[in-house]
Amino acid sequence: MDRVKRRCHKHREQAELDVTAFMNLMVVLVPVLLLSLVFTHTAVIDLDFPAGESAGEVDPNLVHLEVVVREDALVVADGRGGPIKTLPRVDGHHDFEALTLVMQELKRRMPEKRDITILLERETDYQTIVSVMDRVRSYRTVQALDVVNAELFPVISLGDSPPAATVASAG
């Protein structure tokens with residue numbers, strides 16, 4: 001019986017766990033993942049889609065700001081009162097700078113107003129949509145020696161534009 005015990009002890013060897021390869025992987029993987037977090041940035045824009053005609057009665061005292069994006073112009077309008085300002089294309093491009101100035105003036109007149117509707121033609125390209133949304137949501141300004149984004153109308157709804165004949169030009 002002693003021989004059996006000796007044989008069992010002979011075959012029992014302590015196996016060394018080699019974690020060098022795993023540690024090398026972690027040493028490389030952790031900094032790479034941390035660096036990739038710096039360059040990955042997702043921007044989210046919250047949108048409110050109009051509920052349609054079944055939304056109930058509309059209060060006529062409220063102003064319903066709209067920006068109608070046309071092929072040839074941007075029309076800033078009051079949904080119940082007609083156009084406020086028409087901004088024709090300049091050098092073949094929409095005049096986003098003038099749109100920002102109009103939005104700033106409207107915000108100065110209605111500081112509590114936060115919502116706006118952007119009405120788009122079917123063929124409106126994506127970059128134009130994003131540019132209009134950026135211009136009506138905020139503008140860059142200097143405040144206390146820092147450049148900050150000042151809020152204009154951050155609650156944005158999207159919809160289809162009415163036919164061109166229903167929106168008249170405004171000065």
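The structure is a predicted model, in which local features need pLDDT of at least 70 and side-chain atom pairs count only at pLDDT 80 or more, while totals for chains, interfaces and linings use all residues. Residues are numbered from 1 along each chain as its sequence is written, and side-chain values use heavy atoms, with hydrogens and water left out.

The protein chain averages a pLDDT (the predictor's confidence in each residue, from 0 to 100) of 79, and 74% of the residues score at least 70. Over residues 53-61 the pLDDT is below 50, and this stretch has four contacts (heavy atoms within 4.5 Å) in the model beyond near neighbours in sequence.

Strand β1 (residues 65-69) is largely enclosed by the rest of the structure, because five of its five residues are buried, where buried means under 20% relative accessible area, exposed over 50% and partly exposed in between, with a 1.4 Å probe and protein chains only. Leu65, Val67 and Val69 point one way from β1, whereas Glu66 and Val68 point the other way. In a regular strand the side chains alternate between the two faces of the sheet. Strands here are DSSP runs (E, at least two residues), numbered from the N terminus, and two of them pair if DSSP finds at least two bridges between them.

| Partner of β1 | Sense | Bridges |
|---|---|---|
| β2 (residues 73-78) | antiparallel | five bridges |
| β4 (residues 115-120) | parallel | four bridges |

A hairpin joins β1 to β2 through three residues, and valine 69 stands opposite leucine 74 in β2. In β4, threonine 117 is the bridge partner of glutamate 66.

Leucine 33 lies in helix α2 (residues 20-39), a helix being a DSSP run of H or I with at least four residues, and leucine 33 counts as partly exposed because its relative accessibility is 48%.
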